[in-house]
Amino acid sequence: MRLSIKVLLGFCITFAVVFVAALLLSYYLVTKSFPDEDGAVALQGVESEVHVYRDEYGMPHIYALSENDAWFAVGYLHAQDRLWQLEIIRRAGMGRLAEILGEPALNVDRMFRTIGLPHLAHQLTEELDDQTRQQLDAYAKGINAYIQSNQGRYPVEFDVLSFDPEPWRVEHSVVVSRLMAWELNHARWVDVLLSELVERFGEQKAREIFPEWDEDAPFIIPEVPTGRRIAQSLLPLLNADKTYRALTGAPGFHGGSNGWVVSGAKSVTGKPILANDPHLVLTAPARWYEAHISAPGIEVSGATIPGVPFVVIGRNRYIAWGVTNAMADDEDFYIEAVDSLQHPTGYRFEGTWKPMTQRIDTILVKDGNPVLLTVYQTHRGPIVNRFEPVAQYAEQLISMRWAGKEVSNEAKAFYMINKATNWREFKEGLKHFAVPAQNFVYADVEGNIGYRTGGILPIRRTKGATLPYQGMTDEHDWKGYVPFERMPESYNPDEEYIATANNKIIPDTYPYHISHHWEPPWRAMRINEVLRSQEKFSAEDFQRLQADVTSPHAREIVPLILDAYVEYDTLDSEVGAALTILRNWDFRMNTDDVATSVFQSFFVNVIQLTFEDEMGPELLALYDTLASVPLTVTTRLLKEGSSAWFDNVFTPEHETRDDIIRMSFEKALNDLKGSLGGELKEWRWGRLHKVEFGHVFGDVSILRSIFNVGPFQIPGAHSTVWKGDYRLARPFVNHVGPSTRQIFDLADANNTRAVTPPGQSGQVYHNHYKDQVQLWLEGGYRHVPMDRELIEQSSKNHMVLQPAQ
């Protein structure tokens with residue numbers, strides 16, 4: 001054998017050995033953390049045996065002999081399946097992401113420490129009642145038992161970043177709850193956006209392009225020199241928030257939910273049926289963790305949030321409940337008059353100088369030097385536009401009042417709801433719930449249905465829009481909170497059903513301000529339309545309604561497109577064909593539908609051609625952050641027919657609404673031809689509209705295909721019950737949608753229907769990492785029983801947690 005052949009053969013053998021070794025090492029690193037789901041496990045901290053049965057999708061059914069052992073087991077299981085997720089959300093809330101992610105996460109830590117989440121978590125923990133503290137402590141012990149008994153077997157994300165998880169503490173569960181409140185808060189984005197619009201275009205023109213503005217409501221324009229400095233000085237706060245969402249695998253903004261219930265009179269079973277599908281940014285792992293928990297004195301099943309042991313959406317043997325975002329305005333900004341912009345020691349209030357409190361934090365940064373952060377605070381809250389290093393450029397200091405800084409006990413609220421047996425006990429639990437304000441939909445086995453706004457609403461001097469206020473007086477300080485007894489409520493309405501889809505809660509006769517930013521009415525319109533369309537409903541009917549893709553929005557707008565071409569002489573053949581498709585459309589936005597592609601591309605272009613000439617790309621991007629705002633506003637302008645916004649300020653002609661409609665429609669067809677090619681009949685919606693469940697590592701190109709789940713073709717859009725949001729900046733990438741679907745039949749505890757994508761496990765390559773995606777895409781569900789006999793018969797795994805000897 002010639003030497004060259006020997007060398008080549010030796011190289012190939014060596015390469016093969018190294019390649020196989022690398023594969024085996026990779027396989028080991030990924031799978032070493034896969035949990036043991038069968039057999040007995042001896043653990044410190046559990047007092048009696050706990051039996052855990054898992055179904056074919058990995059959902060656990062927990063049977064304990066005491067409540068504390070049940071909460072211990074939930075903690076252990078959360079750690080088994082979602083240890084990385086627990087770590088990332090805990091670090092985010094405590095302002096410690098930069099310790100593991102380095103400088104890219106520094107501003108996120110600055111933001112949460114400026115807001116004061118770590119200090120708030122400590123304060124709220126000190127205020128906990130003994131029972132809640134004991135429950136959260138048992139949960140923490142369960143997490144820590146898993147961490148301690150699995151050293152060296154942590155999920156692969158810990159190996160990639162070279163660190164180990166720290167012990168879980170009670171305050172971490174508290175901060176997870178407040179972190180969710182921060183994520184679901186829209187008010188700061190609305191206030192900054194509105195301020196920017198007013199500063200740029202003036203009051204009158206800004207009124208036209210904001211979705212809801214009471215005509216009698218006053219503007220509160222700060223008395224400062226003209227310019228855009230107030231809104232601009234708050235942009236670092238919003239940019240840090242956007243960075244947080246991107247770093248945690250959830251870019252974009254949360255965009256609503258659906259919840260409805262029918263009474264026994266409208267149910268084929270004679271008992272209420274309740275449906276809920278919260279719309280959140282779609283991530284891997286899933287935002288929710290399903291569990292069924294049974295112990296003496298409590299039995300509850302549904303969706304939990306990793307970090308907290310209690311069921312947030314679910315049912316017990318007596319009641320069921322669901323939640324949607326109430327869109328409450330629970331945050332305000334104040335321009336403070338200070339003695340120094342760089343080193344303030346006092347601020348002017350009611351004619352006197354009040355001392356400015358100061359706190360210095362140290363942020364540790366991976367591969368970098370520690371960073372000092374100075375936080376200043378007034379009686380309203382922290383100064384939020386002074387993130388170093390941008391502090392030196394601040395032209396005024398702005399404080400923030402947020403209802404999330406109030407002392408409350410959401411853990412206790414959900415514990416009481418989990419145990420409630422009737423409407424009265426359910427409402428007693430809600431008394432402890434403050435943020436984020438939610439629409440709670442309720443049903444019970446006695447046939448009652450109800451609705452209640454849960455949370456706290458600030459009492460303000462005005463019910464109008466809230467731009468940044470002057471802070472030198474108490475004129476715009478909150479005057480307390482709306483009394484619990486005055487919060488919106490409905491119980492056994494004559495309609496025999498209740499529906500909520502982040503739409504306006506109550507008429508303007510309600511004496512308190514709730515919000516001026518609601519989701520568009522189209523989902524609520526469609527849900528109400530269907531619920532009024534027949535006498536009685538089944539769980540199967542609710543499955544179909546949760547997957548409904550009929551668009552009331554398209555029904556409103558398509559006639560305007562067709563009318564714009566009625567007297568138009570020059571008609572391109574492709575334009576004519578596209579108009580024919582719209583004319584014959586049933587307004588259902590399925591993946592194989594061509595009309596949906598044409599309509600959605602048209603509407604993206606309408607928004608851009610209407611606003612970009614005056615806003616510019618930067619402000620339009622901010623406007624697009626709250627996707628419902630440009631959708632609602634543009635729809636209103638199109639229906640009204642005349643607006644100065646339609647005229648392009650850079651052209652000598654005066655463009656009308658119909659000009660913009662035709663330009664947008666024809667540009668949409670050119671865009672579709674460029675992106676999809678082929679013929680009009682091939683431009684199916686699913687080729688454009690895709691969903692991908694993003695992981696924290698998903699932005700790294702070589703890791704994206706490993707950790708992210710997708711992309712998949714998906715139906716729906718902003719205006720359908722099956723919500724399929726996308727942003728103008730990334731059409732038509734679906735980033736917000738049904739994060740779980742739950743249907744509760746109050747006639748049968750074994751007839752719950754649920755699906756939670758992408759899967760129950762947070763461990764890449766695990767069987768349950770993405771095994772619910774296809775089911776979810778097809779509108780399918782798992783059946784979730786509550787009777788132990790059925791659970792044992794159908795279980796795929798049985799694990800017993802035992803006290804260590």
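## Helix α4 and the residue after it

In this predicted model, the buried residues of helix α4 are L106, V108, D109, R110, M111, F112, R113, T114 and I115. Nine of the ten residues of this helix, which spans residues 106-115, are therefore buried, so that α4 is largely enclosed by the rest of the structure. Directly after α4 comes G116, a residue whose phi is positive, near 95 degrees.

## Contact of helix α6 with helix α12

Helix α6, which covers residues 130-149, and helix α12, which covers residues 410-419, have axes that come within 10 Å of each other and cross at roughly 90 degrees.

On the α6 side the contact is made by Q131, T132, Q135 and L136, while α12 contributes A411, K412 and Y415.

## Q80 in helix α2

Helix α2 runs over residues 67-93 and includes Q80. The relative accessible area of Q80 is 2%, and since buried means under 20% relative accessible area, Q80 counts as buried.

When residues up to four places away in sequence are not counted, Q80 touches P35, D36, R54, Y146, Q763 and M799.

Technical notes. Residues numbered from 1 in each chain as written. Predicted model: local features only at pLDDT ≥ 70, side-chain atom pairs only at ≥ 80, totals over all residues. Heavy atoms only, no water. Axes fitted to C-alpha atoms, helices over the stretch in contact; angles between N-to-C directions. Helix = DSSP H or I, 4+ residues; strand = E, 2+ residues; numbered from the N terminus. Contact = heavy atoms within 4.5 Å. Buried < 20%, exposed > 50% of the residue type's maximum accessible area, 1.4 Å probe, protein only.
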